[in-house]
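User: I've got a structure to go through. Can you walk me over it?

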Amino acid sequence: MVSQAPDLIEPRIGWRAWDVVDLDGALRLCSLAFWTVWLPRSETAATCRRTHVEAPLAGLPWHEAPRESCSCGIHATRTAARTLEFSRGVPRKPDAVHRIVGQVSLWGRVVECEDGWRASRAYPARLHVPAAGTGRRLAPGALAAARLPIETVARGLADYGVPVDIVEAATTGELGRRLRAGPARPAGYSR
Ligand SMILES: [Zn+2]
């Protein structure tokens, strides 16, 4: 049988972090680096953010994301540890209710890069909500507390139709160890 989605390849599974934002009472995933909201039951598609002015200055023609010689595309890392490291360097958005990590399916055009991949299309595969900030606030790598009860965050994210886990962890290090210990099982999301 011929596939009806010719650009759909076997998805790769990478790791990402998201800020959780409250949009009129609905909890939504938002990229860390940009204000890109990931919608439930809808793929997120990449666009290159270089403008028509910036691209030629960087010696690049306008292009579809991702392009090898650019840095565009939806980024995901091979390991949870690398995502956590990256996440630590990016402050949580001031109005975000929490920051979570998860596995993400990547497909379409996928460019391999040092830490993982940059893809043209993506959708969350499994979400891990750290139950953070319950103690040891001054511990190195302490995770910021959620601004809503953790169960409310997890329930809100169920809109994405993929497994949502609550992970007891007060610090980035603990979270990394918990994620490594658990099976990385991507769950089915079918369009
Ligand atoms: Zn680009």
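Analyst: This is a predicted model. Starting at Ala146: that residue sits in the loop between β7 (116–131) and α3 (150–157).

User: What does Ala146 touch, leaving aside neighbours within four places in sequence?

Analyst: Ala146 is in contact with Arg92, Val97, His98 and Val153, once neighbours within four places are left aside.

User: Val153 is in α3. Which residues of that helix are buried?

Analyst: Ile150, Val153, Ala154, Gly156 and Leu157 are. Viewed down the helix axis they fall within an arc of 160°, so they line one face of α3.

User: What does that buried set pack against?

Analyst: The buried residues of α3 pack against β1, β2, β6, β7 and β8 (164–168).

User: What about α4, which residues are buried there?

Analyst: In α4 (residues 172–181) the buried ones are Thr172, Glu174, Leu175, Gly176 and Leu179. They pack against β1, α2 (80–88), β6, β7 and β8.

User: Back up a bit. How many helices and strands are there?

Analyst: The protein chain has four helices and eight strands. From the N terminus the order is β-β-β-β-α-β-α-β-β-α-β-α.

User: How much of the chain is buried?

Analyst: 45% of its 191 residues count as buried. As for contacts with a separation of 6 or more, 69% of them are between residues 24 or more positions apart.

User: Now the hydrophobic part. How many residues are in the largest nonpolar core?

Analyst: The largest nonpolar core has 30 residues. Those with the most contacts inside it are Leu29, Trp38, Ile100, Leu127, Leu157 and Tyr160.

User: Which elements supply at least two residues of this core?

Analyst: β1 (12–23), β2, β5, β6 (98–112), β7 and α3 each do. β7 gives the most, with seven residues.

User: Take Ile100. What does that one touch?

Analyst: Not counting residues up to four places away in sequence, Ile100 touches Arg16, Ala17, Trp18, Val20, Leu29, Leu127, His128, Val129, Pro130 and Leu157.

User: What other core is there?

Analyst: A second, separate core has 11 residues, including Ala80, Val90, Val101 and Leu179.

User: Is Ser31 buried or exposed?

Analyst: Ser31 counts as buried, because its relative accessibility is 9% and the cut-off is under 20%. Beyond its neighbours within four places in sequence, Ser31 is in contact with Arg16, Trp18, Thr36, Trp38 and Lys93.

User: Last topic, the metal. What are the protein donors of the zinc ion?

Analyst: Cys48 (SG), His63 (NE2), Cys70 (SG) and Cys72 (SG), lying 2.0 to 2.4 Å from the zinc ion. Along the chain the spacing of these donors is C-x14-H-x6-C-x1-C.

User: Where do Cys48 and Cys70 sit?

Analyst: Cys48 is in the loop between β4 (44–45) and α1 (54–57), and Cys70 is in the loop between α1 and β5 (74–77), so the pair ties together parts that are 22 residues apart in sequence. Cys48 is buried, with a relative accessible area of 14%, and Cys70 is buried at 10%.

User: Why is the zinc arrangement called tetrahedral?

Analyst: Because the four donor atoms subtend angles of 99 to 117° around the zinc ion, and the criterion is that all angles lie between 85 and 135 degrees.

How values were computed:
Residues numbered from 1 in each chain as written. Predicted model: local features only at pLDDT ≥ 70, side-chain atom pairs only at ≥ 80, totals over all residues. Heavy atoms only, no water. Donors = N, O, S within 2.8 Å, 3.2 Å for Na, K, Ca; no water. Tetrahedral: all angles 85-135°; square planar, octahedral: opposite > 155°, others 65-115°. Buried < 20%, exposed > 50% of the residue type's maximum accessible area, 1.4 Å probe, protein only. Contact = heavy atoms within 4.5 Å. Core = buried A, V, L, I, M, F, W, Y, C linked by side-chain atoms within 4.5 Å. Arc of directions from axis to C-beta.
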